[in-house]
Amino acid sequence: MEDIDAMFSHLLGEIDHLSQSLKPAEEDPASHKESTFSIGFTDLNESLNELEDHDLDALVADLGSKSTPQESSTYQHNSTLADNQTVPPNMTHGSAAAAALALPANNEPSKVLQIREPQTKADKIKLALEKLTEAKFKKLIVKVLMSDGSSKTLMVDERQTIREVLDKLFEKTHCDCSLDWCLCETNPELAIERGFEDHECLVDPLSVWPRHSQNKIYFVLRPQKYVMFTEPQLFYMWKKKKACLGKINEDAKRLLIKENFGGSTVIVPDLEGTLHLKEDGKKVWKPRYFVLRASGIYYVPKGKTKSSSDLVCFVHFDKVDIYSTDNYKQKYRAPTNFCFMLKHPCIQKESHYIKFLCCDDERTLLLWVNSIRIQNLKHCMNTLSEYLIIFTDVSTTHNPSPPMMTNVEDYPYEPPPDFIPPPPPGHA
């Protein structure tokens, strides 16, 4: 009985620790209400002013289309104005209550006032402020930072994926529509960053940011964003020597992609090796042998064997994101700067529910980070099928690669050309 009480007390303590990690700091309810509509701005009014005119017009039109029939009726134009009556200058456009005050007492149809549509940007902002709280779908006004220091302001709703937001940025920046472009979030307090996956919805992770957070969103080019599709042999043949991996042609790559991504489920690379584990609450790192599985990451305790029965679960992949780190050798005395972090997206400050791992070199970091990303792709089979079409077709559009030769005698003989151009003047 005492053991049960002790286990129950320990469980309550764990729940308390987790609630403290997820609980935001006390803040003004009004400012929290504004934070649910804008990201990267001091207040909602500033974010609306930063919107381009056509974006603001689209927002007002979208919000107006979701008004109730009683509210939308106040916007109708009537050819006959009330005799000797004008709209009070302090009336807020779009307010059904204010429009009702302006109606004559007898409610005659000929006396209905004409409520004009908002014309100035200030009028549109005032109307948007009123209607945002009534919107059916959650909307955010987001500041996205560019690599040159400039920024773009976007209106995003909860239904839009990262790929759809990237399409908006392509229109605004006029850059190439490469798949390598990425939206990346940074957390200066934890010194981490993460590139959003194209199938994610942007509003969900941004909604858990604290009100006065220093987190930012960047629009960056990541050439290795889909390295698991362009170089699949790095992850599914990682035990091979580098010389062998370099001889893999495009046909072999397409075959690897279809074998591991084209089935009913994604096959996670059977990755394993020694990583450095950070102890909870301490700047102490200990080497452990880790194994990657579809359900999570497991490690071999000290003094145990590598058999499956001795493996201990380090972290489950249920609602856990992977983040790259910045200068953890100095911040947490890590053995190297090739570290990554695993945590729930709601945890925005230091907590013992955050898991830290450190790799010996950049290649090992690349293997583990992208192999864990592959595991996360199994939750988006529809998007994954699009990737398969894109990356397998990209390979076939190029000229087929010649078969890999290992001996000089295997290369076919080609006679020299009939005409050899003379060397440039001054050269033998």
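I started with the rings: Y226, F229, Y236 and F261 are linked into a cluster by ring pairs. For a pair I took rings of Phe, Tyr and Trp (its six-membered ring) with centres within 6.5 Å, calling planes under 30 degrees apart stacked, over 60 edge-to-face and the rest tilted.

A note on what I'm looking at: this is a predicted model, where local features need pLDDT of at least 70, side-chain atom pairs count only at pLDDT 80 or more, and totals for chains, interfaces and linings use all residues. Numbering runs from 1 along each chain as its sequence is written, and side-chain values use heavy atoms, with hydrogens and water left out.

Next I searched the whole structure for aromatic pairs and got 11. I looked up F229 with F261: that pair is tilted, at 4.8 Å centre to centre and 45 degrees between the planes. F229 sits in helix 10 (residues 227-230) and F261 in helix 13 (residues 250-261), so this pair ties together parts 32 residues apart in sequence. Helices here are DSSP runs of H or I with at least four residues, strands are E runs of at least two, and both are numbered from the N terminus.

Then I checked F290 and F314, which make an edge-to-face pair, 5.4 Å centre to centre with 80 degrees between the planes. F290 belongs to strand 8 (residues 285-292) and F314 to strand 10 (residues 312-316), 24 residues apart, so I noted a link between distant parts of the chain. F290 is buried at 0% relative accessible area, and F314 counts as buried at 9%.

Which lysine lies over the face of F314? I found K355 there, 5.7 Å from the ring centre. K306 does this for Y289, at 3.9 Å from the ring centre. My cut-off for a charge over a ring was NZ of Lys or CZ of Arg within 6 Å of the ring centre and within 35 degrees of the ring normal.

Last, strand 7 (residues 272-278): 5 of its 7 residues are buried, and I logged the strand as mostly covered. Strand 7 pairs with strand 8 in the antiparallel sense over 7 bridges; pairing takes at least two DSSP bridges between the strands. K278 has W285 in strand 8 as its bridge partner. The two strands form a hairpin with 6 residues between them, and G281 in the turn has a positive phi of about 70 degrees. Strand 7 also pairs antiparallel with strand 13 (residues 355-358), over 2 bridges, and L277 stands opposite L357 there.

Key: Buried means under 20% relative accessible area, exposed over 50%, partly exposed in between (1.4 Å probe, protein chains only).
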